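The sequence and the structure are shown first.

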Amino acid sequence: MRRREFLFWLSAFYLNLPVWAKDGQFAWLDLAQTNKFYGENAFGRIGSLAKLITATALLQTKAISSEQIFECRQTYKNYNCQIAHGKINLEQAIGFSCNVYFAQAVCKLSFEGLATSFQQFTKQSLKFSGGQIQDYALGLHKNLSLNSSQILQMFAMIARSNNYLVLKQGLKLAVRQGTAKNLDRANILDISAKTGTITEAKDGPHFESWVAGYFPSENPKYCFCLKAKNGTSQESAIPLAHHELFSRKWF
Ligand SMILES: [Zn+2]
């Protein structure tokens, strides 16, 4: 290889390097060992991980049925999606993390209904301090901040239960075709997961992101959670979690 080609290759290699481990806080639970916690505990607003809490509130209060369709034309009030998802149901809204679906569906949900579901998953009360219900339901509000341990407990509750069927289907869809599809493309670990991205107001736009889930999807043995300090879930949380998940021997 000529020197110029080599330098070109080298620079391309570095430019394409993802933000590696120092920017991601990875934690997991071994469900067989009564929820033993391993790894690093992160904290922050949970973004779209909250859609699992919201979906549960919508179903438990009968605000919607699981088969109810809402149309995503990319924008509803101040809430946007990256693409128009079209006419979708709750499972698809979880798998593709459709903000517009949830922003519309929660018009029929009371704050108390959401708070009850939040308490059920996190053992913590959710305080109302102004703003739209959508800000809480989409996990944008600071009152929806959790640490990794609480997020892992939430996923453990879903993983262990015989209920939450729509949530489970949505989490599986996210990894097969949706927002977490680059987490396990070959479906080696049979993961179910949800992503979340938050914008932090610093000097200019700054993104932080999460991905959390469990595997295998049937009879789960582990729950995991990763917070990326920089970047969206696609840029950071997913590649970092992929690296963490596939650099360990689980079974
Ligand atoms: Zn959408």
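## Terms and basis

Two strands are said to pair if DSSP finds at least two bridges between them, and the elements themselves are DSSP runs numbered from the N terminus, helices (H or I) having at least four residues and strands (E) at least two. In this sense Ala 212 stands opposite Cys 225 in E11.

This is a predicted model, in which local features need pLDDT of at least 70 and side-chain atom pairs count only at pLDDT 80 or more, whereas totals for chains, interfaces and linings use all residues. Residues are numbered from 1 along each chain as its sequence is written.

## Overall form

The protein has nine helices and eleven strands. A compact globule of 251 residues would have a radius of gyration near 18 Å, and the protein, with 18 Å, agrees with this; the radius is taken over C-alpha atoms, and the globule rule is 2.2 Å times the number of residues to the power 0.38. Along the principal axes, the C-alpha trace spans about 65 × 45 × 30 Å.

Of the 251 residues, 46% count as buried, where buried means that 20 or more other C-beta atoms lie within 10 Å of the residue's own, exposed that 12 or fewer do, and partly exposed that the count is in between, with C-beta atoms placed from the backbone. Two residues are in contact if their C-beta atoms, placed in that way, lie within 7 Å. Among contacts between residues at least 6 apart in sequence, 62% join residues at least 24 apart.

## The five-stranded sheet

Five strands form an open antiparallel sheet in the order E2-E1-E11-E10-E9. Its edge strands are E2 (36–39) and E9 (192–202), each of which pairs on one side only. Neighbouring strands are turned by 15 degrees against each other on average, direction ignored; for such values, axes are lines fitted to C-alpha atoms, for helices over the stretch in contact, and angles run from 0 to 180 degrees between N-to-C directions.

Strand E11 (residues 222–228) is joined to strand E10 (residues 204–215) by seven bridges in the antiparallel sense, and E1 and E11 likewise pair antiparallel over seven bridges.

Helix H8 (residues 165–176) lies across E9 and E10, running at about 75 degrees to E9. In helix H9 (residues 233–246), the buried residues include Ile 238, Pro 239, Leu 240 and Leu 245, and what covers the buried residues of H9 includes E1, E9, E10 and E11.

## A helix pair

Helices H2 (residues 50–60) and H5 (residues 111–122) pack at an angle of about 120 degrees, with their axes 8 Å apart. The contact is made by Ile 53, Thr 54, Thr 56, Ala 57 and Gln 60 of H2 and by residues of H5 including Gly 113, Leu 114, Phe 118 and Phe 121.

## Two individual residues

Gln 134 lies in helix H6 (residues 133–137) and counts as buried because it has 22 C-beta neighbours inside 10 Å. Leaving aside neighbours within four places in sequence, Gln 134 is in contact with Tyr 79, Ala 103 and Val 106. The C-alpha atoms of Gln 134 and Gln 153, 19 residues apart along the chain, are separated by 24 Å.

Asn 147, in strand E8 (residues 145–147), has 18 C-beta neighbours inside 10 Å and therefore counts as partly exposed. Not counting residues up to four places away in sequence, Asn 147 touches Asn 41, Ala 42 and Phe 43.
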